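Colleague: I would like to go through this model with you, from the whole chain down to single elements. Please show it first.

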Amino acid sequence: MTPVCPFAKSARPEDVSAKKHQKDSASGGSGSISPKCPFGYDSQTFKLGPLSCMICRALLFDCTRCVPCSHVFCKVCLSRFKDCPLCGADIEATETDTNLQSTVDQFIEGHARIKRSHVENTDKGEVGEKKTVIYEDVSLERGSFLVQQAMRAFRAQNVDSAKSRLIICADDIRDQISRMGNTAELCSQLGAVLGLLGDCCRAIGDSGSAIAYFEESIEFLAKLPAYDMEITHTLSVSLNKVGDLKYYDGDLQAARSYYDRSLNIRRDAIKNKTDVPSQTLDVAISLAKVADVDRNLGNEVIAVEGFREGIKLLESLTLKSEETALEQRVRYLLTRVNSSFFILSRTVDP
Ligand SMILES: [Zn+2]
Ligand SMILES: [Zn+2]
């Protein structure tokens, strides 16, 4: 799952203004209140609250109570334990807590939905007594919040919980798109969230739904201008993921066409910018993927060409000394591509 939050960009200006407000109020110029969740479920200052599961550290999903100690966890999270992970008591039985779960669901439903912009100036004459109260639009933070909850649940392998949060998030964005149209920001957010949903489905082996989500993600990301590096990367990764799923399904022709689309996007990306090593590595990865399918399809001559081009690209890379992680990836790929190339070129060119 991609660690980059699709809302990170849109959250940045908000953070800046929040900090500015704090500074303003500290200096006594004007007092303003930035939006705060009473339970501490803000994107920056998350605390474990009464509505969260101590195992996955996300909001409770399918809330289950231990008998007799009464501690609550998500059903899936708790299912991996014999004793209560909080107090160590034997779990004699478990029971579903629908009341608490509905509180959690209501909380999610209402979270960051306050939309009020209000500026009030009192007693213009009195210097230093001006109070400005601004309730800002916090709808953007709702997206970050839901993605954060989903990521936590996903990392703890509570995939259904993650999916449920992401579905709400995707619905929110669709709703915004229906009102505001396909703006670049909304398309990139929806594309990313749909990609995460695809990752969830892939993790539980539901490749049919995973492909459907990745395809939809591709559809939205493809609407966006090609010059944005992050979007180009996400789009090509989504294409490769569909390619991989088709590959494992044994549909090599379909796999090749997805890998090839990804390759073309990556090639276009380095046409203008040749100095970004990670993008060059991306092209080489794509070349290897296409060549690998070509080999399996019996197109050995084309495959050899692909591997050769990949090797040339990787060898042309000059990395700075601090890029050790990247260098390792380049070395690893080079070894793999070289051995494929070596084996294949002997059969093609005896
Ligand atoms: Zn949990
Ligand atoms: Zn307990």
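Colleague: Among contacts in the chain with a separation of 6 or more, what share is accounted for by residues 24 or more positions apart?

Modeller: Bear in mind that this is a predicted model. Contacts here are taken as C-beta atoms within 7 Å. Of those with a separation of 6 or more, the share from residues 24 or more positions apart is 57%.

Colleague: How many helices and strands does the chain have, and what percentage of its residues is buried?

Modeller: The secondary structure comes to twelve helices and three strands. A residue counts as buried with 20 or more other C-beta atoms within 10 Å of its own. Of the 350 residues, the buried part is 37%.

Colleague: In what order do the strands of the open sheet lie?

Modeller: Strand E2 (72–74) and strand E3 (93–96) are the edge strands, each pairing on one side only. E1 (residues 63–67) pairs with E3 in the antiparallel sense over four bridges, and Thr-64 has Thr-96 in E3 as its bridge partner. The pairing in the sheet is antiparallel, and the order is E2-E1-E3.

Colleague: Why does the end-to-end distance of helix H12 agree with its length?

Modeller: H12 covers residues 324–348, which is 25 residues. At 1.5 Å a residue it should span 36 Å, so the distance between its end C-alpha atoms agrees, at 35 Å.

Colleague: Which helices do the buried residues of H12 pack against?

Modeller: Those buried residues are Val-330, Val-337, Ser-340 and Leu-344. They pack against helix H10 (277–297) and helix H11 (300–316).

Methods: Residues are numbered from 1 along each chain as its sequence is written. Chains are lettered from A and ligands numbered from 1 in the order in which they are written. This is a predicted model: local features need pLDDT of at least 70, side-chain atom pairs count only at pLDDT 80 or more; totals for chains, interfaces and linings use all residues. Helices (H or I, at least four residues) and strands (E, at least two) are DSSP runs, numbered from the N terminus. The expected span of a helix is 1.5 Å times one less than its number of residues. A residue is buried if 20 or more other C-beta atoms lie within 10 Å of its own, exposed if 12 or fewer, and partly exposed in between; C-beta atoms are placed from the backbone. Two residues are in contact if their C-beta atoms, placed from the backbone, lie within 7 Å. Two strands pair if DSSP finds at least two bridges between them.
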